Every structure is written in C-alpha cells, then in structure tokens.
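Have the sequence and the model open side by side.

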Amino acid sequence: MRPPFPVRSHHLRLSSNLAHHLSLRAPVYTRTATRTLKFQPLLRLSRLAPIRRFTMEAKELVQYLADAPPAVVRLEIEKHFEALSDKQKRYAHFISKASFAGNRIVLRQVSPESEPIYDFIIVLHKASEGDWKALAEKTGVDEAGLSAFLQYAAQFLGNSGNYKSFGDSKFIPRCDEKVFAALASASPEAQKYYKATNGSIFSSDKQGLLHLGFPDEGHLTTYYPDSPSISKDEIEAVSKWMQAKGLLPENTRLKKTDSGSYELLIASGKTSPPSEGGDIGKDTEFKVEGGSLDGKTIKLVYGDYAPEMSAIAGYITKAAENAENETQEKMHLAYAKSFDEGSLLAFKDSQRFWIRDQGPMVECNIGFIETYRDPAGVRGEWEGFAAVERTKAFGELVRSAPDLIPLLPWSSEFEKDRFLSPDFTSLEVLTFCGSGIPAGINIPNYDDIRQSEGFKNVSLGNVLSAKAPDEKIPFIKDEDLEVYKKYRDASFEVQVGLHELTGHGCGKLLQETAPGEYNFDHKNPPISPLTDKPVTTWYKPGQTWGSVFGGLAGAYEECRAELVAIFLSCEFSALKIFGFGDGTTDIDSEAGDVLYASYLSMARAGLVSIEFWDPKSQKWGQPHCQARFAILKCFLEAEDDFCKLEYKNEDLSDLTIKLDRSKVLTSGRKAVGDMLRKIHIYKSTADVENGTKYFADMSNVGLEYWGTKVRDVVLKNKQPRKVFVQANTYLDEESGKVSIKHYEATPEGMIQSWADRS
C-alpha cells in the first residue's frame, strides 16, 4: 500500500505508461450482426504511434472524471416516517444516529484522502452559510468552476469517498485544481483540510492507484494500512491463521510492521481487550508455527476507530431503550457489546436476534457487513440502515419458495434439507450509511447461521422507485423501447425478489462441520451432475464459502443469485405472485412482457458493466458487474442465435442488443440453467479450482473486442449513477418527539444534508 498522502501529480496530465501497448498491431473488425468476431491485423504504423498514444490516454482519462451533472435524487420517506408512533420514531432516530456515526469509518475505508476531502466540503459549506454563489465571488471562482466543485462534492458525498461505490474507481473533478485551491482560501480551516489531501483529489499519474485493490498489484486499499510491502500471499496466510484460530475477520484491518510482524486492528470502542477475554481468549500476541509465516508474530490490537465505535455503541444502547420487544432489545445490546468490545461472536448473536425480529415497523441492520471492497474479500465495510413502513409484504413469494426451489437444475442432495422461511418485505429507507445504497438485502452473511437458523430479505422500495430526470437508455432497439420502459421497474422488482429470496436463500454447502461429522452421507457422496461421479470435494472444519473462494466469492455469489432469479422468472407461476398473469405460460402476454423486459435488462446490464473493467490491470472493479457480464456472455453463447449484438458502423456507435423473445423459454432458459448448474455445484462442493476457472472464463474480457471497441462505445453512452439525498431526524429531549427534515435533490441539498448531520 502507498504511504498516507504521498506527493503526487496535481494535474490531469497524461502519463506515458500505456505507450508500448499502442505500437502493437491493432485489429480491424469486420461489421457483423452476430457474436462471431472476425478481424485481421493491420501493419504497425510506428510513425503514428505518438499521436495514437496521446488519444488513447486522453480517452482513458475521461472515464475517471466526475459525473456532470450527477444524478441526484431524493429518498422520499416523510409520509412513512410520520405514520410511526413516537417511540418507534425515537427507535429509528437512534439507529440512524448510530449508522451515520460510522460515516468516518467508511471514508477511511475508501482512501486516505477521503476524510479530509469530506471535512473540506463541510467547512466550505460552513464558510458559505449556504450561499455558494457569494462564496464563489469572494474567492474569485467563476460559475463553471463552482458548478464543477458542487457536482464533485455531491458525487463524493453520495459515495462516501472519492472512489465509486459501484466500480471502485476514482473520480476526479472536471476543473483545474486552482478552483479548489481558490475555494480553500475561504477560511483557514478549509485551507487546512485542503492541504491535508496532499494533491490526492486531482492526482492521476499512476493509473493503478485509480482503482481499489491489492497493494502489491499497484492498487489502493486502506484495509492494510501503512503496509506498502504486504503481499497477497501474506494476507492469505494471515487469513488462514485466523480461520484456524476461529477469529472472524469482518471488523479487522491488517497491518504489517517494519519488523515484519503483523497487527490485526480490531474495531472497538475500548482500546484494550475485554477483561474476560476476546473472541479467542485473553491472549493478544501469538507466534505462528508452520507455514509461510513460521516464526512471525501476530498481535491483536483493540481500538481501531475507537471514537466512532464508542459513539455507535452509545446510540445503539439508546435504541435498545426504545425497542418494541425483548428480541429487539437483546439484538441492540448484542450490537453494543460487539461495537464496544470488538466481538464478532456478539455480532453474530445480534444477527440471530435480528432474524427472529419478524415484521417490525422499523427495520435495521448495522455493522461491518459486506466484504466486496476488501481486495481479499473477507473484511467488511461499515454500513447501517433504518427503514420504515412495510409497504409490501412478499408473503406469497416466501410461501411459494419451497415449490420454486425444487425447479432449479440440481438434485435435492445439493439443496438445504429444509427451506427456512425468512421475513421478506419491502421497506422505505429512512437512513442508509455506507458507500452506496442497494436495492435489496439478504443477510446475515454467516454460512452457519444461514444454513441452520435462517436469514432475512429486504427490498428497498423508495430506492427502487427513485428516478433520475432525463435518463437515457442506450443499446435497446427502438422496437423494444416501449416494452422495456413500461416494464423495466416491474421486471426489476421480480428480479430483486427472486434474487434475494431464492437466489441467496437456496443451496446447500456440503460440509465436514466438525472433525468426522458431516452434513451429508460422506460414505456415499452425492453424484455430481457435472461429472456423473461422486463428489470428491467439500468444506472442511472451519472453512466458509468466503474463506475458500476468497476475493472471487462476492462476484461469484452475485452471479449465482442473478442466474437463479432469471431462471425462475421463466416460471409464470412466479410472475403471478408479483401480480402479472394468471400463471399460464404465454410469452406474448403481459407476464411475458415482464419476462422479456427482465432478460433485456440483464443483457443490457451485462453490456454496460464493461465500464467497470479496467484495461490496464485487466480486472473487474465491481462484483455485480463481473457477474452480469458473465451472464451476457451466457446469453450470447446460447443456441439458435438467442442473443446478438447488432451494429453497422465500424465504431459500434449504433450498437444494440437483439434478443429473440420467442426463444426466451427455450434457448435462453436452457443456457441460463446450464451455467447456473455449474456455478452452483462448484460452490456447493467447495470446488474452488474448477469454479474459479469456469467463472474466470465466462467473465473474461480481453483487450481486443470487448475491452476496446465495445468498452469505448459503452463509455461514450454511460449514464450517471444515482446518488441519494437522505433526510435527517431531530430529537426534542424535553418532549421526546422526533421531527424530520428533507432536502432538495440538488448538489447543494446533498451538501446541506451532510453538513446538518456532521
């Protein structure tokens, strides 16, 4: 990892590190309306190489510029919040306060410069007193410069950092750094924070640092702080040691010291171990025996993010005091213990209580949850949410799940012995603190809890319904636009529902749960449908799905869940649950419209996902995008020309998706089922070798066609990703009543909302 705030170029100048690639022979593509790619090499034109290099690098740099304008939308919540009782409002208020108290944790988890950038934006708002034009005049910044700053600030606050939450790539202001320097002159405080960024807002000289990832691959991560020499192998070796010790990783960071020892930084309010001992006892210093770390020391260091964790524990304790029932109270007290003492065993207890808290008027979850942004895929990013008003209960879908899951393309040996019916409802988000707000949630992520105790599903209604103004829809054929526009929201609701409930909720992991104890007949193992032979691999004691598949686990599981949803959406009985049709199979009916829109949406999502593949490192920056691109390739490889990319222009500027509606239920579904079967069986049997190879092949991009011509046209047509302006709540201590304040869906409104809660 790079040291904190290194001196870097402050300008958007172009580097020459891609030059050698551009003198290679470039393919000329023949125009074709199918997926068959034909090309022949050009002779090398070395005299033109310097011009070609410059054009290529300038074009690559454009993708890192901030959205102009960003798609700022408001999370509508007021009428739902006002329907709560005073006690429920206080409960939601304290959960919201606890969630947002972790915002600085998120900032530090994104990049070293994110926290001072955040402070810079907030103190500029303070200096402006809400009058940004007056501040611009005072500091000599013109209208275009001010607009560029406000747009950048809105995107920054919407992502809780200067790297996109969806894509993990950096974004840079669309103005000269002199604009920011001039604004910083508004106050000594602003100058202090701007100086603390040390040029990181604008730096782009090292392309690897424009992406989050492993430090030994030249990328940026703060999950391994002050450890520029730490390698992937060392990180994996420490993870294996933790697994053997029974120490969970989600609330930790890993630091390699100058002496070559390792410190596991544990997020906790307390800066010393609990008197009764931590999750693995009272010892905090260990000497590793055997393996690549033989003789090395690993030390547990409590108190990472201590001020924030202490505040979070305090707010969560207040939430417990306003709980509606004993289950909620125990849940929040377990949260408080976890955040105060750094215990993930206590956190797992909180999740057990959370599962049992069925149908609350105020729903929540909080902690180090998703592991997508840790390059190793094991350490969690902070997030917390409070959501209210159960606008739609998916009870019928939950009741139907035991009938839908057996339709999936594998035998019962690879499925849970019993489907644990979860609580599944649609909620309206009051507060979501994290780097981005999802459309749906299926947690907890702990396999032992999911397999034996269950999980919960949440669909976030006001996130799904939020619309950006003047949204363009490239790559959909004109004849499909009407159906796509009319039914994309409905198809997305179907996809999210099936994805979260049946996708993440199905499947059995074949495990040796303890030495000599198995959750399957290991003397007569199940027959793999891929080999027609007994399976030979399974999860060993202490292993989890995430620990075995590592950094690939996130993308792989998202792909599996998406495939389950797109496969089961072909069941018209499932579409009926969502209010479309009577269950009769008819691709030309309205239910067929929803199904067709669902497949079109998935194909388009896979195509536009190529934005988040980095040509320099030739790696994906977003798990969901890698998953959807793999599914697009599945569509394209389906029999009978089910899906094609059509274009006539050499530059692909007229590229559209041709999907044969009449073949969705035949060629399309068969291809999806074949891919899903492989993905699922590899996961179920811990076959990481074959699973990794297959998924890598399906999501492989390459520099020739997808990574150049297709990606170029996708970048030219990319649409800003929505960023959400959220309300704030305020407690009147005397009356005990909570009020709510909304903000305009503008960059200024976004900044004001964060300034008010800071």
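Is D697 buried, partly exposed or exposed? The model is a predicted one, and in it D697 has a relative accessibility of 45%. Buried requires a value under 20% and exposed a value over 50%, so D697 counts as partly exposed. Its partner is K693: the two side chains meet in a salt bridge, with 3.4 Å from N to O. K693 counts as exposed, because its relative accessibility is 54%. Both residues belong to helix α25, which spans residues 688-698, and they are four residues apart, about one turn of the helix.

Side chains of opposite charge can pair when their charged atoms come close. Salt bridges that share partners can also be followed as a group: R104, R108, E115, D119 and E308 are joined in this way into one network. The structure has a count of 42 salt bridges.

Other salt bridges reach across the sequence. One of them is between D86 and K737, whose closest N and O atoms are 2.8 Å apart. D86 is in helix α4 (residues 86-100), while K737 is in the loop between β20 (728-731) and β21 (738-741); the pair links distant parts of the chain, 651 residues apart. D86 is partly exposed at 32% relative accessibility, and K737 is partly exposed with a relative accessible area of 44%.

A further salt bridge joins E189 to K126, with 3.8 Å between the closest N and O atoms. E189 sits in helix α10 (residues 188-196) and K126 in helix α6 (residues 114-128), so this pair ties together parts that are 63 residues apart in sequence. At 31% relative accessibility E189 counts as partly exposed, whereas K126, at 59%, counts as exposed.

Next come the aromatic rings. The structure holds 36 aromatic pairs. Y599 and F642 form one that is edge-to-face, with 6.2 Å centre to centre and 85° between the planes. This pair, too, links distant parts of the chain: Y599 lies in helix α22 (residues 590-608) and F642 in the loop between α23 (623-636) and β17 (643-646), 43 residues apart. Y599 is buried, with a relative accessible area of 0%, and F642 counts as buried at 1%. W620 and F629 form a tilted pair, 5.4 Å centre to centre with 45° between the planes. W620 has 17% relative accessibility and therefore counts as buried; F629 is buried at 0%.

Elsewhere, ring pairs link F120, W132, F149, Y152, F156, F171, F180, Y194 and F202 into a cluster.

Rings also meet charged groups. The charged end of R669 sits over the ring of F567, 4.1 Å from its centre. Likewise, the charged end of R721 sits over the ring of F166, at 3.8 Å from the ring centre.

The last stop is S569, in the loop between α20 (553-568) and α21 (572-577). Which residues does S569 touch, not counting those up to four places away in sequence? They are V494, L498, L575, L595, S598 and Y599. S569 counts as buried because its relative accessible area is 1%. Y599, one of the residues that S569 touches, is the tyrosine that forms the edge-to-face pair with F642.

Definitions and conventions:
Residues are numbered from 1 along each chain as its sequence is written. This is a predicted model: local features need pLDDT of at least 70, side-chain atom pairs count only at pLDDT 80 or more; totals for chains, interfaces and linings use all residues. Side-chain values use heavy atoms; hydrogens and water are left out. Helices (H or I, at least four residues) and strands (E, at least two) are DSSP runs, numbered from the N terminus. Buried means under 20% relative accessible area, exposed over 50%, partly exposed in between (1.4 Å probe, protein chains only). Contact means heavy atoms within 4.5 Å. Rings of Phe, Tyr and Trp (its six-membered ring) pair if their centres lie within 6.5 Å; planes under 30 degrees apart count as stacked, over 60 as edge-to-face and the rest as tilted. A charge sits over a ring if NZ of Lys or CZ of Arg is within 6 Å of the ring centre and within 35 degrees of the ring normal. A salt bridge is a side-chain nitrogen of Lys or Arg within 4 Å of a carboxyl oxygen of Asp or Glu.
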